[in-house]
Amino acid sequence: MQAPAAPVSALVVDKPVRTGQRIYARGCDLVLLDSASPGSELIADGNIHCYGPLRGRALAGAGGDHDARIFALDF
């Protein structure tokens, strides 16, 4: 019998998010280790952490979490 999978606490993306791309972290945080180009979308039910330039659209708390935040080093 297979053990149940551990819940995912964060979706980690280590490549740039290009114009026209949409990343959705359903039920967890989104961690972007690279940049988000203008015209891209980052959507997470939890928090969004961006460690590169954030030039696209970012929506935290899409699942109704009013305490979700967006953390970015470079807007």
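Let's start in a loop: Arg55 sits between strand S5 and strand S6 (57-60), where strands are DSSP runs of E with at least two residues, numbered from the N terminus. Because its relative accessibility is 52%, Arg55 counts as exposed; the cut-offs are under 20% relative accessible area for buried, over 50% for exposed and partly exposed in between, with a 1.4 Å probe and protein chains only.

Leaving aside residues up to four places away in sequence, Arg55 touches Ala36, Ser37 and Pro38, a contact being heavy atoms within 4.5 Å. His66 is 11 residues from Arg55 along the chain, and 23 Å separate their C-alpha atoms.

## What the model rests on

Please keep in mind that this is a predicted model, in which local features need pLDDT of at least 70 and side-chain atom pairs count only at pLDDT 80 or more, while totals for chains, interfaces and linings use all residues. Residues are numbered from 1 along each chain as its sequence is written, and side-chain values use heavy atoms, with hydrogens and water left out.

## The parallel sheet

Four strands form an open sheet in the order S1-S3-S5-S7, and their pairing is parallel. At its edges are strand S1 (10-13) and strand S7 (70-74), each of which pairs on one side only. Neighbouring strands of the sheet are turned against each other by 15° on average, direction ignored; the axes behind this angle are lines fitted to C-alpha atoms, and angles run from 0 to 180 degrees between N-to-C directions.

Strand S5 covers residues 48-53 and pairs with S7 in the parallel sense over 4 bridges; two strands pair if DSSP finds at least two bridges between them. One place to look is Pro53, whose bridge partner in S7 is Asp74.

## The chain as a whole

Zooming out, the protein chain has 7 strands and 0 helices. Its C-alpha trace spans about 45 × 25 × 20 Å along the principal axes. Of its 75 residues, 36% count as buried. Among contacts with a separation of 6 or more, 2% are between residues 24 or more positions apart.

The chain's accessible surface comes to about 4,900 Å², and carbon and sulfur atoms hold 53% of that; such areas come from the Shrake-Rupley method with a 1.4 Å probe. As for charge, the mean positions of the 7 positive and 8 negative charges lie 7 Å apart. Here Lys and Arg count as positive and Asp and Glu as negative, without His and the chain ends, and each charge is placed at NZ of Lys, CZ of Arg, CG of Asp or CD of Glu.
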